[in-house]
Amino acid sequence: MNTAIHPFASLLAAVARGISGVQVQWAGCEPDEKQRIYFANHSSHMDFVVLWSALPSDIRAKTRPIAAKDYWEETRLRRYFAKNVFHAVLLERGAMAKASTPEEARSVGRSLIEEMALALGTEYSLILFPEGTRGTGEKTGPFRSGLYYLAQRRSDVELVPAYLENLNRILPKGEVLPVPMLSLLTFGKPIRVEQGEEKDAFLERAREAVVSLRRIGPA
């Protein structure tokens, strides 16, 4: 994979920051080039673009979003940006649900985790959205198990929670053109899977780490 910085990357990042009016807060950590998995709430197709654009350029250059293959391969333009500018890791939505047996579903799940682990390599970070699908922006849904298994598979990588506010209003579900307004992105304190911690307990703790960064309103 060619991960050279695309000439459009800085311009696109500036446009995304301008449209979203994003203000960035590092509340529990500082920007760092160490390998990380940034995990956040999900309410808009702009989520990963805004989070990616808000990272300092040297960190952004080595941070790959996890994104829905069906959406980002729908048009030639989206496919070009996903592959050449974002260096996104495109995964099939609902791949496990399409499996005909529990064993097949487990096999698909292991393949997806391995694909993300390999995408990290020895120097890259990832952006992912553990809810798995977009919400309304009013409530953060339960996290799917992928974050837990990826964190176990790559226990050397730091997990950084993040909360995006107002992105659902800037690009509501079903809309094509964004509405410029202010948004807020808050990065929290890194977490890890604790020794002996069960999957459900970790996923709820990770969800709370994201929700706790919300400035106002219900979880």
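Analyst: Helix H2, which spans residues 47-54, is mostly covered, since eight of its eight residues are buried; buried stands for under 20% relative accessible area, exposed for over 50%, and partly exposed for what lies in between, computed with a 1.4 Å probe on protein chains only. Helices are DSSP runs of H or I with at least four residues, strands are runs of E with at least two, and both are numbered from the N terminus. The model is a predicted one, in which local features need pLDDT of at least 70 and side-chain atom pairs count only at pLDDT 80 or more, while totals for chains, interfaces and linings use all residues. Residues are numbered from 1 along each chain as its sequence is written, and side-chain values use heavy atoms, with hydrogens and water left out.

The buried residues of H2 are Asp47, Phe48, Val49, Val50, Leu51, Trp52, Ser53 and Ala54. Ser53, placed in this helix, has a relative accessible area of 0% and is therefore counted as buried. Leaving aside residues up to four places away in sequence, Ser53 touches Ala13, Ala16, Arg17 and Arg60, where a contact means heavy atoms within 4.5 Å.

Turning to the charged pairs, the structure holds eleven salt bridges, a salt bridge being a side-chain nitrogen of Lys or Arg within 4 Å of a carboxyl oxygen of Asp or Glu. Side chains of opposite charge can pair when their charged atoms come close. One of these bridges joins the side chains of Arg106 and Glu103, at 3.0 Å from N to O. Because Arg106 and Glu103 are three residues apart in helix H6 (residues 102-120), about one helical turn separates them. An α-helix has 3.6 residues a turn, so residues three or four places apart point the same way. Both partners are partly exposed, Arg106 with a relative accessible area of 45% and Glu103 with 42%. Glu103 also forms a salt bridge with Arg110, their closest N and O atoms being 3.3 Å apart.

A further bridge links Arg154 to Asp156, with the closest N and O atoms 3.0 Å apart; here Arg154 is buried, at a relative accessible area of 10%, whereas Asp156 is partly exposed, at 49%. Finally, Lys34, Arg36 and Glu158 are connected in a network of salt bridges.
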